[in-house]
Amino acid sequence: MIGKSMELQTKRKVIGQMTVCSGCCCGAVHRGKPEVPVEWLKQEWRSRGLLKVLQLTIAGCMGPCDVNNVVRISGPAEDVWLGGVDRFQLYSSLADWASESRRAGTLLPLPAEFADLRFSPFGENNAPKQPV
């Protein structure tokens, strides 16, 4: 109806979304970049019953190509960007974290092993400091 304001809503109870880059650089093993286990991730999300709760999106280029193998985790409170997710063990840890988050019904804090992989694609962590 024209003129009537309606807020769109989904029927699903989604706690978040994990977007995994598999574009021009991320996962480009032919260019010497670490593999992104795309098919394994899809299968894990299916077998763990995660698809309708913590959605998985495999994306093309997400932009910050200088930090290959980018993952973005989006939730109601924040977006977390990870770069250099360059080992299968890290993807496996993300799948385990996603399963635990599903059981908890909310996005749990990421495991400590991801602390050094967090970055801002918008350059906030490289912005010049303001004089005090």
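The legends below describe close-up views of a predicted model.

Residues are numbered from 1 along each chain as its sequence is written, and side-chain values use heavy atoms, with hydrogens and water left out. In this predicted model local features need pLDDT of at least 70 and side-chain atom pairs count only at pLDDT 80 or more, while totals for chains, interfaces and linings use all residues.

**View 1. Confidence along the protein chain.** The mean pLDDT of the chain is 89, and 89% of its residues reach 70 or more; pLDDT is the predictor's confidence in each residue, on a scale from 0 to 100. A contact means heavy atoms within 4.5 Å.

**View 2. The open sheet of 5 strands.** The strand order is E2-E1-E3-E4-E5, with mixed pairing. Strands (E, at least two residues) and helices (H or I, at least four) are DSSP runs numbered from the N terminus, and two strands pair if DSSP finds at least two bridges between them. E2 and E5 stand at the edges with a single partner strand each, so one side of each has no neighbour in the sheet.

**View 3. The pairing of E1 with E2 and the crossover between them.** Strand E1 (residues 16–21) pairs with E2 in the parallel sense over 6 bridges. The chain runs from E1 through helix H1 (residues 38–47) to E2, a right-handed β-α-β crossover. Right-handed here means that, with the strands pointing away from the viewer, the path from the first strand over the helix to the second runs clockwise. Thr 19 has Thr 57 in E2 as its bridge partner.

**View 4. The two sides of helix H1.** Val 38, Leu 41, Glu 44 and Trp 45 of H1 are buried. They lie on the same side of H1, because they cover an arc of only 130° around the axis; the arc is that of the directions from the helix axis to the C-beta atoms. Glu 39 and Ser 47, on the other side of H1, are exposed. Buried means under 20% relative accessible area and exposed over 50%, with partly exposed in between (1.4 Å probe, protein chains only). The buried residues of H1 pack against E1, E2 and H2. Just after H1, Gly 49 has a positive phi of about 70°.

**View 5. Ser 99 in helix H2.** Ser 99 counts as buried because its relative accessibility is 7%. Its side chain makes a polar contact with the side chain of Arg 48 (3.0 Å). A polar contact is a pair of N or O atoms within 3.5 Å; within protein, one must be able to donate a hydrogen and the other to accept it, and residues adjacent in sequence count only if both atoms are side-chain atoms. Not counting residues up to four places away in sequence, Ser 99 touches Arg 48 and Leu 50.

**View 6. Glu 113 in the loop between helix H2 (88–104) and strand E5 (118–119).** Glu 113 is partly exposed, at 37% relative accessibility. Leaving aside neighbours within four places in sequence, Glu 113 is in contact with Leu 90 and Ser 93. The side chains of Glu 113 and Ser 93 make a polar contact (2.8 Å). The C-alpha atoms of Glu 113 and Leu 90 are separated by 8.1 Å.

**View 7. Asn 69 in the loop between strand E2 (54–59) and strand E3 (71–74).** Asn 69 is not a glycine, yet has a positive phi of about 60°. With a relative accessible area of 0%, Asn 69 is buried.
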